[in-house]
Each structure stands twice: as C-alpha cells, then as structure tokens.
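Okay, thanks everyone, I'll keep this short. Have a look at the model on the screen, and then we'll walk through its insides.

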Amino acid sequence: MGEIKFGTDGWRAVIAEDFTFTNVERVAQATADYWSAHPVAGTEKKIVVGYDRRFLSNLFGERVAEVFAGNGFQVILTPQPTPTPSVSFAVKKLRAVGGVMITASHNPPVFNGFKLKSHYGAACESATCQAIEALLDRNDVKAVRLTDGLKTRQIWLRDVRPAHFAALKKLVDFPLIAQSKLRFAHEALFGVGAGCFEELLAGTTCRVTTLNGNHDPLFGGINPEPIAQNYGRSRAFLARHPHDLCLVTDGDADRVGGMDGRGNLVSTHQLVCLLLHHLVENRKETGRVVRTLTTTSMVDKMCAAWNLPLMETGVGFKYIAAEMIKGGVLLGAEESGGIGFPGHIPERDGIAAGLFLLELLATERISINQLIARLTRRFGPHCYGRIDAHYPLEKRAQLMEFLRENPPAKLLRSPLAEVKSYDGVKYVARDSSWLMLRGSGTEPILRIYAEAQTDAAVQNLLKLGQRLTRQV
C-alpha cells in the first residue's frame with residue numbers, strides 16, 4: 001500500500017494508483033480513531049461528508065460515510081456533488097466534530113483527495129493531520145453498509161447547500177444585489193459551483209449565465225483551476241455576449257478567478273484588492289488583513305494607506321484560518337484565489353467572494369475595469385506572473401538551500417532588500433518587486449512567482465527564476 005501524506009490542504013493522489021478504496025478506508029478509519037479519542041467540547045459525535053464531481057467521488061464519499069458510521073458517528077452525507085464551502089459551513093452549523101470533503105480541488109482530473117475539516121469549518125491543523133497519519137493501520141477498518149446506515153438513521157442524506165446559501169444572503173446586502181440588474185456570468189470550470197449563482201439569484205433582477213456547468217469528470221480537458229489558460233471557452237463567449245462581470249470558481253468552488261464582461265483577465269490579486277477596497281471604503285469595516293507570501297504587494301500599500309494591521313503567512317489557507325479564528329480579521333486572501341470573510345466561516349469561500357463582488361458593482365455602479373484603473377492610479381501598477389515547472393522532488397531541498405545562501409544582489413535594476421525563507425524562498429527588492437520559488441504542497445511541481453511594475457519586468461524575473469533552478 002502506498003504512503004499517505006497530508007499536504008497543504010489534505011491528502012491527494014492519483015485515482016486507482018494511490019487514491020483507492022482501500023487507502024480511503026485506511027484514512028477514514030484513522031480519522032475516526034483520532035476524533036473518537038479527541039472529542040471537542042461543545043460538538044456532537046457527528047461528521048459531515050461531501051464530495052465533488054470527480055470520477056468515483058460519490059462512491060468514495062459513501063465509503064467514508066460507511067466507515068465513520070461503523071465507528072459510532074452520526075454521518076451527514078450529501079446526496080449530490082457539493083461545494084466545499086457548503087460542507088465547511090455545515091460542519092460549524094451542525095456542531096459536528098469534523099468533516100470530510102472528497103475533492104482534489106484544482107488538481108488534474110486523474111487526482112482525487114481527502115480534505116479534513118475541523119469543528120469550526122476550516123481545514124484541520126497540520127498537527128491534527130500528522131496525528132491521523134500516525135494512526136494509519138492502528139485498527140482494522142470498521143464499517144456499516146450504506147443501506148443499513150440509512151435504515152438505522154446513523155447515516156443521513158442531507159443537502160447542506162440551502163443553509164449555506166441562506167447565510168450568504170445575510171452576509172452581503174442581498175436586496176441591493178437583487179435590484180441591481182447586473183449581468184453576471186459564472187465560469188464553473190465543470191465543477192460543483194455550477195448552478196449556485198443561478199439558484200442564489202433566482203427571482204432577482206440579475207441575469208445569470210453559467211458557463212461550462214455540465215458534469216464532466218475530465219473537466220473539458222483542463223485542470224479546474226481559476227487561471228487564464230483555462231478560460232478559453234468562456235473568453236470567446238464573453239467577447240460575443242458581454243456581461244458586467246465573469247466570476248470563475250475552481251473544481252470545488254472554494255477559490256475564485258475572474259474576467260471582465262468581455263473576457264479580459266481580472267487576476268486573483270486584482271479581485272483581492274477590489275474586495276479590500278469595498279470592505280473599507282464602502283462597507284466602512286476595519287480589522288487585520290492576512291495574506292500569504294505570494295499575494296500582491298498592492299495589499300501592503302492599501303493597508304498602509306488605511307492604517308490597517310497586515311500579517312503575512314506561509315502558503316496555504318490554513319495559516320490564514322488560524323488568524324481568522326483569533327478574531328479581528330477583515331480579510332484573508334491567498335494568491336490562488338482563496339478569500340475568507342469575517343462573520344462567516346474561517347475558510348475560503350468562492351461563492352461568498354462572488355456575492356461580495358456583485359455587491360461592490362451594485363454599490364459603485366461603474367465597471368470592473370474602471371474600479372481596477374482607480375486602484376492602479378492610487379497605488380501604482382502591479383503586474384504578476386507564475387510558472388509551474390516540473391522539478392525533481394529529490395532536488396527540491398538542495399535548491400531551497402542554494403537559494404537561501406546565494407541571493408542575487410538585485411532584482412533587475414533594484415537592489416535586494418529582503419530574503420524570506422520560511423516557506424520557499426522569496427526575494428524582495430527595494431522597489432517592492434519580488435521573485436519567489438516554492439515547491440507545491442499538493443503536486444510534484446516547483447512554482448516560480450514574480451511581481452513587478454510591468455509585464456516585461458515580470459517575464460524577466462520569471463526567466464531569472466528559471467535560471468536559478470538550473471544552478472542545482
């Protein structure tokens with residue numbers, strides 16, 4: 001049996017190689033053993049289990065439910081593919097001890113995954129995941145058949161989306177959105193977000209168009225990740241049929257990307273800055289801002305202008321969630337499109353982000369491009385790029401050590417100001433441009449990130465990053 005290791009957000013593996021029913025049973029049993037031995041005060045011995053649209057996800061989800069039921073847990077199992085934020089919300093709302101989401105999020109179609117949710121709805125902490133790894137194969141798998149669990153009411157089939165959607169309508173100014181007459185396109189990337197906005201905005205003046213919403217376990221031949229290279233179909237549609245905004249959600253609808261109404265890219269960094277602007281300037285809210293290392297430095301300038309405390313974390317929303325749990329966080333954001341909001345769950349929620357963007361447009365009544373241009377005039381241009389390169393895992397540690405010990409004297413023409421090495425290695429120049437190299441926590445690849453004032457400078461920084469990888 002293959003080795004099982006939890007990464008940045010759960011355990012992921014290739015279906016039928018390491019992601020098998022046998023291994024899923026092993027992980028489910030170890031998780032059941034952990035939660036049985038570590039009950040959480042104020043929760044019930046209850047687990048919420050959901051799954052996405054990937055190949056066999058429904059059957060993997062059912063098997064997880066059977067194992068938890070076999071270990072004496074009451075299980076709430078979703079009857080259809082469900083967004084991860086809906087599962088996270090249900091865990092918190094139902095006072096469950098935890099939750100499991102069968103999804104590999106944005107990874108290629110050949111992958112599937114096992115995401116763990118803590119009792120407060122966020123991804124489980126690293127210490128919990130390591131403890132579960134240590135419990136693998138400690139006990140034999142105990143399970144009940146799904147049909148038997150349903151008969152004894154140890155397993156309940158429940159659609160957890162309506163409660164999540166109802167909470168979202170209270171989180172935003174929904175009446176304002178409802179009367180805005182916005183034309184809203186949603187690129188679902190064949191994921192579980194398909195249909196969510198149609199349901200949420202039914203009966204309003206908004207016109208919703210769902211793109212690539214059909215159930216396709218192969219995701220139309222792409223990885224369901226909200227990045228520009230995956231927007232080809234919807235970009236062509238929007239060029240012919242303009243809208244006010246196009247929101248993109250990933251395979252399990254917890255992360256977002258975007259386009260303007262004509263198919264031009266709106267980066268995740270721009271979305272984060274637009275939302276921060278909206279929360280501060282329009283909603284008059286305040287609090288700490290938490291961002292990951294790879295998120296635009298425009299956030300830093302905005303926080304400085306508004307005197308907002310700013311905290312930088314390693315890559316992975318679980319680090320942001322840890323700060324959100326402490327309270328006082330206005331916005332939590334990561335480069336990959338994960339965005340969290342106060343008064344909700346301490347977890348990223350792509351559907352919530354979409355509604356807040358609609359609220360922004362309904363409030364200001366100007367185009368998304370005009371809003372971006374206004375931010376650029378105030379805080380300066382910020383261009384960004386990323387390369388995902390295959391790199392031997394056995395050489396990754398050696399490369400990181402080389403980068404730490406051999407920083408360049410400058411990035412392009414600006415002297416180096418700082419080296420950050422607590423999660424990958426990030427070089428920051430005096431002019432605030434930066435270059436970062438980091439191994440993925442969910443895939444066997446090396447990511448090279450860069451930000452500068454022009455696209456040409458970004459490309460030069462990325463080339464520098466590629467040259468550095470060849471030094472080892």
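So, a cavity here is a set of grid points where a 1.4 Å probe fits but cannot get out, and a lining residue has an atom within 4 Å of one of those points. Keep in mind that this is a predicted model.

Searching the whole structure turns up three cavities of 30 Å³ or more. What lines it? There are 23 residues, and nearest the centre you'll find Thr 8, His 106, Val 315, Ser 336 and Arg 447. By class, that lining splits into ten charged, ten polar and three nonpolar residues.

The second largest cavity is about 60 Å³. Thr 8 turns up in its lining too, along with others including Gly 7, Asp 9, Cys 124, Cys 129 and Lys 318. Here we get four nonpolar, three polar and two charged.

Now the packing. The largest nonpolar core has 53 residues, and Leu 276, Met 302 and Phe 341 are among those with the most contacts inside it. Helix α13, residues 350–364, gives the largest share of this core, ten residues. There's also a second, separate core of 36 residues, with Tyr 34 and Ile 102 among them. Back to Leu 276: its contacts beyond four places in sequence include Val 289, Met 302, Trp 306 and Leu 331.

Last stop, Cys 246, in strand β9. Buried or exposed? Its relative accessible area is 0%, and the cut-off for buried is under 20%, so Cys 246 counts as buried. Away from its sequence neighbours, Cys 246 touches Ala 185, Glu 187 and Leu 238, among others.

Definitions and conventions
Residues numbered from 1 in each chain as written. Predicted model: local features only at pLDDT ≥ 70, side-chain atom pairs only at ≥ 80, totals over all residues. Heavy atoms only, no water. Helix = DSSP H or I, 4+ residues; strand = E, 2+ residues; numbered from the N terminus. Buried < 20%, exposed > 50% of the residue type's maximum accessible area, 1.4 Å probe, protein only. Contact = heavy atoms within 4.5 Å. Core = buried A, V, L, I, M, F, W, Y, C linked by side-chain atoms within 4.5 Å. 1 Å grid on protein atoms, 1.4 Å probe; cavity = no way out; pocket = protein on both sides within 12 Å on 5 of 7 lines; lining within 4 Å. Points joined across faces, edges and corners; volume = space filled by probe spheres on them. Nonpolar A, V, L, I, M, F, W, Y, C, P; charged D, E, K, R; others polar.
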